Amino acid sequence: MIEVRDKRIVIDGTPRLLISGEIHYFRLKRDEWDDRIVKLKAAGGNTVASYIPWLCHELETGEIDLDGHTRPELNLGAFIDLCASHDMYFFARPGPFIMAEMKNEGIPYRLYEDHPELVPVGWDGDPAPVRTLDYLAPAFLEAARGWYEHVIPVIASRQIGTGGNVIALQLDNEIGMLSWVTNTPDLTDFVIADFRDWLVARDDYDAAATYGNAVEDLPAFARLVRSPGEDIAGDLMHDFGHSMRNRFARYVAELRRYAEEFGISGIPYIINIHGTEAGGGASFPIGISQLYESYTQAPGYLAGSDHYLGDLTGVNAPDLYLMNAFMEAVNGPDQPLTSVEFEAGEGDYGSSMSARLDPSAADFKLRMCVAQGNRLINYYLFTGGVNYRLDRVTGDGNDRISFTGERHGVNAPVNPEGEENYTLPRLARTNRMLGALGPAVATATEERDRIAVGFIPDYWMTESVYPGNGAMGEIAENLKRHRFGGPGGVMARAMLHLTYRYTAVNIQDGPLDVAVTPVLALASARYMDAAVQRKLVDWLQAGGQLFLHGEVPLFDMTGEPCTILMDALGLHHVGLRWADHRYFLSVNADGWAAPRPELRARFAQTFAPLDEGTLFRVYGTDEACAFDIPVGDGRAIVVSAEIPADLDYFRKAFARLGVEPGLTHDHPLNGIFLSSAATPDGARFVHALNLDGIDKAVHLFDEGEPLFEGRPVMLRRRDGVMLPVDLDLGDVRVAWSTAEIVEVRPDGIMVRLTGDSDALSLVTKRTVVASPDYDAMLREGNVLVTSRIRGTGEELLRIDWL
């Protein structure tokens, strides 16, 4: 039995952290399956995941092969059963769309050939440049149901609730991603008719007032939508985005209905969220925006992230932290974070030696995600394989099932030939460490400071922008500049390097309560919905403390003037200034922000200075761009300029709003990620990542009090630790340790050493066995164990007790 409750995954009554690896059975010879499963288990995995490709299992004759009678490697049931024989869970991903670097994204050719009406057109009626289909078209749904009719019984008969090992089912994959990345919305006649009906059915909206008589004339409405003019651009961008959210949710619900019709019951349905690009997370929330209505529409769903960030550094680590926070902002109270496409391996996807990730890449991302409460991690890919040739001649250059060539997943921790690469040992080490600590890790919840980041889903509704349309382009570009990149990115990086532990709150759809969210950090654009502006004003007047970075909104989300927040702040807008190669825009500190050196700024939205509370003035003008403003019982610190990440300024600003980081270090350099998580029974884990290439000896403090009796923690270059506090291991309590525990036995533990003399305090009536490797000193109420082995991050210390 599997349950999802209190942001945990509970299997047969025990909370579990699921460490999964993607093994494509259909890309391996059947006699290779066992070897790859064994390698995953040895690397600390407890779950196998695989896409299940419709393209491969449906033959040219229309016959479905799921038992391997045409190709042994297509015996899906045998693969799932083999996983079970190794005590491994199975995570099934049957599409219909799977991507997985497959031709047609895993869809059989016949759907494109027999149903050309399914192939979308985009702006101006031009053909879509990718092999997507209209999800809700009757012909596609009929075919998808037919696929589920065959594949789901194989999976359902092996569900965990029926004695099997299948613990989750993913519905489709990266829904909406293809239209976003190509800026080609699905604009088939069927989609446009559905959009029109959705508009007309809304009780709170007069479609004719915006789109005129075209709503009564479908061909005219289609022309209007496919080639929009400036007069409707803002409204269309807003309306179409909302309608597609609704459409994706209906598609997901239909797939779930098919799955349950054919036997799925009692396991979670997972929706994969796409979105990272160029080694950063700035675009990831587009996927959240597109799909959050899909996975929050009913109980039983989980959302899984899909990210490719490369090496985690001080630059993009804040991206991952913010991505997880934004996911949590829209999750339900029981839904935990998961990651179902978690980058692992070398990162050289084109086999061109254009990338070579550090062994810390996946390790750092794993540690951060676990600290924030991820309960399922699926390494994609864990092992490579071979793309066999299709039964049909396609004339596409290789006739294989995939566009990647013969060998697939060449950069995975285990390559197509089964050889392990240099990234696996580090990843396996952390997997095994997490497995050793079992339910404690699976129940630990991140501890947060009294600050949240504001999430506005509509700020990421920029997946469809008509080329050349000035109004759409202006709204989209302004949102992109502020929401995550630009001021939003600077704020996120400052908060991470200042070691703030934060969550995010959906201020668009949910309540904003001072008791729950006393301090809010918000990356704000020139555009903000009137209802959100009013909500912020009401919250401020009730005592909320706001840090707003970006622009004070002047318009609503469709481009209509809306200055509710600005008026409440008492600001008078002057203009907008941009730096360029001849104008070196600079700002000077005033008020409590002074003294500090003059700062360069990329842009500044300027206002008339206030008599009191002006914090930054634009050099050479009588204009200001930062303020500290009382609003009712609350307060707003507004920075309407893109300034450098001046950590001293951000620290002072947040402190004036009443929040300081609870978990801190004393190292003079930044580049250290700190967080902590606590279990229901009082155990804690302190997570620390040294994001830089130099060793750092640090003292850690919790609410100003030293941790670990003031002993230093050595953070080795590009390494991390997860240190226990008050962790019970049977009748032995680890009061604290400066070394992370990597193995737990009934009669002892193993720790990984990083410092010159790592130590731990044990509270127990047992006797610690003497050893030449450590000193054990009996103190009042505890035993202090101090290592005699100098640790560099690889050495292990075994501690035994009787």
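Reader: By class, how many nonpolar, polar and charged residues does the lining of the second largest pocket have?

Author: The model is predicted, so that local features need pLDDT of at least 70 and side-chain atom pairs count only at pLDDT 80 or more, whereas totals for chains, interfaces and linings use all residues. Residues are numbered from 1 along each chain as its sequence is written, and side-chain values use heavy atoms, with hydrogens and water left out. Ala, Val, Leu, Ile, Met, Phe, Trp, Tyr, Cys and Pro count as nonpolar, Asp, Glu, Lys and Arg as charged, and the others, Gly among them, as polar. On that scheme the lining has ten nonpolar, five polar and seven charged residues.

Reader: What is the volume of the second largest pocket, and which residues are the closest to its centre?

Author: A pocket is an open set of points on a 1 Å grid over the protein atoms alone where a 1.4 Å probe fits, with protein on both sides within 12 Å along at least five of seven lines, and lining residues have an atom within 4 Å of a point. With grid points joined across faces, edges and corners, and volume taken as the space filled by probe spheres set on the points, the second largest pocket has about 410 Å³. Of its 22 lining residues, the closest to the centre are Thr-503, Ala-504, Val-505, Val-516 and Thr-517.

Reader: Which element gives the largest share of the lining of the largest pocket?

Author: This pocket, of about 720 Å³, is lined by 33 residues. Helices (H or I, at least four residues) and strands (E, at least two) are DSSP runs numbered from the N terminus, and helix H6 (177-181) and strand E13 (407-408) each supply at least two lining residues. The largest share, four residues, comes from H6.
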